[in-house]
Amino acid sequence: MEIATAQLTCVPADIPANVRQMVALAGEARRHGAELVVFPELAPTGYELDALSADPGLWLNPDDPRLDAIRECGTATVINCAVAVDGENRPAIETLVYGADGELLTAYRKQHLYEQEQNVFAAGRRDGRFKLGGLRFALATCYDNHFPELTGRGAADGCQVHLASSLYGTGGGVEERAKVYPGIAKESNLYVVLSNHVGPAGAWTGCGRSALWAPGGGLLAEADADTAMVVTAEIGQGTR
């Protein structure tokens, strides 16, 4: 399977503008033969915690018509966004996975909330899994990937590919990104796909370098540090 990872500079709290960018990137991924494209953490709104806390109108749901254009792009998509939670007055950071036909395959809520996220979002309690094209996938979101027990469960559960929607900034985030994700590929013997922001992202500046790694940690493809773009790689050869 050819998989794409996308990075973009989000327009703060502007869902239509960001969806247009995501559709364009998904179209580029499809032209490169990708069957699945992964987007960064909170891509439809940008990583705008103050806006998401103040405006429930920015919270989405799996059937939200504001995501229709992405669901109709003809490629399977991994979309991380703020999603309303029944019985809660705050949303979750949730990954929605849609098939090429636009049908929801699974949803995963971020379990490990980073410092500034804890007062804004509700944490998830279950791991994320789905199957596509004969492969089994595990899901995690940014800070989740710093917990080896979570990433290790994917391998133990028969997954071959680990997908991570994230935000790593310039400065210390550059080193974290370069250590954590090839480390997961090496320690868990999984393909790893990271989608990161590039450019301004809330209080941060995304460092880009979205990438794909092979089991064992070898780099398959990597985006640059400055440009909205997609990169792709073929995965699945020789998987367990």
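**Salt bridges and strands**

Mentor: Let us begin with a group of charged side chains: Asp127, Arg129, Arg136, Arg153 and Asp157 are joined in a network of salt bridges. Please keep in mind that the model is predicted.

Trainee: What is the general idea behind such pairs?

Mentor: Side chains that carry opposite charge can pair when their charged atoms come close. The cut-off applied here is 4 Å between a side-chain nitrogen of Lys or Arg and a carboxyl oxygen of Asp or Glu. By this rule, the count is 11 salt bridges. One of the contacts is that of Arg129 with Asp127, at 3.5 Å from N to O.

Trainee: Are Arg129 and Asp127 buried or partly exposed?

Mentor: A residue counts as buried under 20% relative accessible area, and as exposed over 50%. Arg129 has 16% and is therefore buried, whereas Asp127, at 29%, is partly exposed.

Trainee: Where do Arg71 and Asp68 lie?

Mentor: Both are in helix α3 (residues 68-71), three residues apart, which is about one turn of the helix. Arg71 is buried, with 12% relative accessibility, while Asp68 is partly exposed, with 28%.

Trainee: Which parts does the salt bridge of Glu94 and Arg109 tie together?

Mentor: The side chains of Glu94 and Arg109 meet at 2.6 Å, N to O. Glu94 belongs to strand β4 (residues 92-98) and Arg109 to strand β5 (residues 104-109), so the pair ties together parts that are 15 residues apart in sequence. Glu94 is buried at 5% relative accessibility, and Arg109 is partly exposed at 34%.

Trainee: Let us turn to the strands. Why is strand β7 largely enclosed by the rest of the structure?

Mentor: Strand β7 (residues 135-141) has six of its seven residues buried, so the rest of the structure largely encloses it.

Trainee: How many bridges pair β6 with β7, and in which sense?

Mentor: Strand β6 (residues 128-132) pairs with β7 over five bridges in the antiparallel sense. Leu132 has Leu135 of β7 as its bridge partner. The hairpin of β6 and β7 has two residues between the strands, and Gly133 takes a positive phi near 60° there.

Trainee: Do β7 and β8 run parallel or antiparallel?

Mentor: They run parallel, and five bridges join β7 to strand β8 (residues 161-165). Phe137 stands opposite Val161 in β8. From β7 the chain crosses through helix α4 (residues 148-156) to β8, in a right-handed β-α-β crossover.

Definitions and conventions:
Residues numbered from 1 in each chain as written. Predicted model: local features only at pLDDT ≥ 70, side-chain atom pairs only at ≥ 80, totals over all residues. Heavy atoms only, no water. Helix = DSSP H or I, 4+ residues; strand = E, 2+ residues; numbered from the N terminus. Buried < 20%, exposed > 50% of the residue type's maximum accessible area, 1.4 Å probe, protein only. Pairing = 2+ DSSP bridges. Right-handed = clockwise from strand over helix to strand, strands pointing away.
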